[in-house]
Amino acid sequence: MDMPANYKPFQIIEIKFKGSRKDFYVNPDNLYLEAGELVAVETNTGGYDIGHVSLTGELVRMQMQKRHVKEADVTKKIYRKATPADVDKWKAAKGLEWETMHKARTLALNLNLSMKLSDVDYQGDKTKATFYYTAEGRVDFRELIKKMAEQFRIRIEMRQIGMRQEASRLGGIGSCGRELCCSTWLTDFKTVSTAAARYQNLSLNTLKLAGQCGKLKCCLNYELDTYMDALKHIPDNVNVLKTEKGDARLQKTDIFKRMMWFSFPQAESWIPLHVNRVKEIQRMNKDGVLPPDLGEVQEEKPVMPAKVLDYENVVGQDSLTRLDERNRNKKKNKNKNKGGQPQQQQQGRPNNQPQNAQAKPEQQQQPKQNNQGRNGEGENQNQNRNRQNNQPKQQQQNRPKQQPNQQNNPNAQQQPRTERPPRESNEAASAESATEVQGGGEGQNRNRRNNRNRGNRNKNRNNKEGGNTGNSSNENSQA
């Protein structure tokens, strides 16, 4: 970002350290610093410390005004940007914090001190360590400091903090599912009382109202002012309203809707009343007048506005259950088709017949009758053939003579002669069919089909043989 030529950058920088600790430092050399860079800064007890740049420029001025810090009070300086040697030394110091804290806890337990060591913060040059602890009262830890100095060979500083400050340093996840406010953005810890929960109509359950620190949640103060403004319109001391039916007691209050619910003794239903009606009945009771009834008010249900789409919903893609509705429609159509069979066909069938047999149309039954007739013809085919062979010669002579016409008409087509099959094959086929008929239920169906096919073949053969016998008789008469 290009700055004006006469612009002078704000020389104070905000630096962040471990555990959300922040402080302001002067940048005398006007080093170009960006957020997140590591810098070496001055300390109160000598040496230097390593921290991250959190704010620069005019934002630091606004932050100082918020915390009521004057520019003249900022005296500590920024030495330089952190070198690789400074970073390695700083990381080595941070690696000793976990082990140092557990050793210090064992020393405090051996001295029977009623204190809890929660965190240790090493200085960037590894010459000093600050121990943070919580305690209910005053603790004499002079003997503890001597033993820790002998064991760790560094300067020791003890700093007592509260429960909220401990939670802000350690961090964590709240009951809302987000990171703790005190460890992210909250800097001022205001006192929270149970009155804030009462004004908001919250149940006084310490397990639900307490946070990670064991104290009341800081978020109880966030909406307290809004509830206090809404409570100005709610009347006080309205626990009982007197009427001719009896005394009605207050059961529930909706602060923002300005509705109050009352109930009579030995009555299961609650009667909703507006705040104005409650004030009116309260004035009547002060004057000694008892209203005949509370005058129930019907609750107005909120009217949901129609959803206006900024696009054309062609296939219902905005509905999450669109696929379920299609499956339901398919199932309904299947059920209708199954249940929509004509009742006349169902009444005419026996009860023991399966559904598949009932579902067959009448057209399939008619070919069976024709096939039965064909089977009858197939059984009598041998008898008909014998009758034709045993016909008298007089009937053959009485037939019309077609040979002269054929001689006069040379273009006339003559039917080809076919050789007559022997009788033994037909008799063998009839014998085989007779043996197959004697089979079981499945064999009978097969025999019927075979007889049907054989009957059709024999019938065609008889027709051809009849034509051939006519031709041969004509030839004999000519001879």
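I will start with the overall counts, then go to the helices, then some loop residues, and end with the pockets.

First, the ground rules. This is a predicted model, in which local features need pLDDT of at least 70 and side-chain atom pairs count only at pLDDT 80 or more, while totals for chains, interfaces and linings use all residues. Residues are numbered from 1 along each chain as its sequence is written, and side-chain values use heavy atoms, with hydrogens and water left out.

The chain has 18 helices and 12 strands. Of the 479 residues, 27% count as buried. Buried here is under 20% relative accessible area, exposed is over 50%, and partly exposed is in between, with a 1.4 Å probe and protein chains only. Among contacts in the chain with a separation of 6 or more, 57% are between residues 24 or more positions apart; a contact is heavy atoms within 4.5 Å.

Now the helices, starting with α1, residues 58-67. Its buried residues are V60, Q63 and M64. As a reminder, an α-helix has 3.6 residues a turn, so residues three or four places apart point the same way. The buried residues of α1 pack against β1, β2 and β4. Turned away from that side are the exposed residues L59, M62, Q65 and K66. H68 follows the helix with a positive phi, near 60°.

Next, α5. Here R164, E166, A167, S168 and R169 are buried, and what covers them includes β6 and β7. Just after α5 comes G171, with a positive phi of about 75°.

The last helix I will cover is α9, residues 275-286. How far apart should its ends be? At 1.5 Å a residue, its 12 residues should span 16 Å, and the end C-alpha atoms are 17 Å apart, which agrees. The expected span is 1.5 Å times one less than the number of residues. Buried in α9 are V275, V278, I281 and Q282. They cover an arc of only 125° around the axis, which puts them on the same side of the helix. N276 and R283 are exposed on the other side. The cover over the buried residues includes β9, β11 and β12. G288 follows α9, and its phi is positive, near 85°.

On to single residues in loops. F17 sits in the loop between β1 and β2. Is F17 buried or exposed? It is buried, at a relative accessible area of 8%. Leaving out residues up to four places away in sequence, F17 touches D23, Y25, V41, D49, I50 and G51.

Two other residues have a positive phi without being glycine. N112 is at about 55°, in the loop between α3 and β6, and is exposed at 70% relative accessible area. R153 is at about 60°, in the loop between α4 and β8, and is exposed at 71%.

Finally, the pockets. On a 1 Å grid over the protein atoms alone, a pocket is an open set of points where a 1.4 Å probe fits, with protein on both sides within 12 Å along at least five of seven lines; lining residues have an atom within 4 Å of a point. Volume is the space filled by probe spheres set on the points, with points joined across faces, edges and corners.

The largest pocket holds about 980 Å³ of space. It is lined by 40 residues, with S20, R21, K22, R159 and R169 nearest its centre. Elements supplying at least two lining residues include α1 and α5. By class, the lining has 10 nonpolar, 14 polar and 16 charged residues. Ala, Val, Leu, Ile, Met, Phe, Trp, Tyr, Cys and Pro count as nonpolar, Asp, Glu, Lys and Arg as charged, and the others, Gly among them, as polar.

The second largest pocket has a volume of about 510 Å³. Its lining has 16 nonpolar, 5 polar and 6 charged residues.

That is all I have.

Methods. Helix = DSSP H or I, 4+ residues; strand = E, 2+ residues; numbered from the N terminus. Arc of directions from axis to C-beta.
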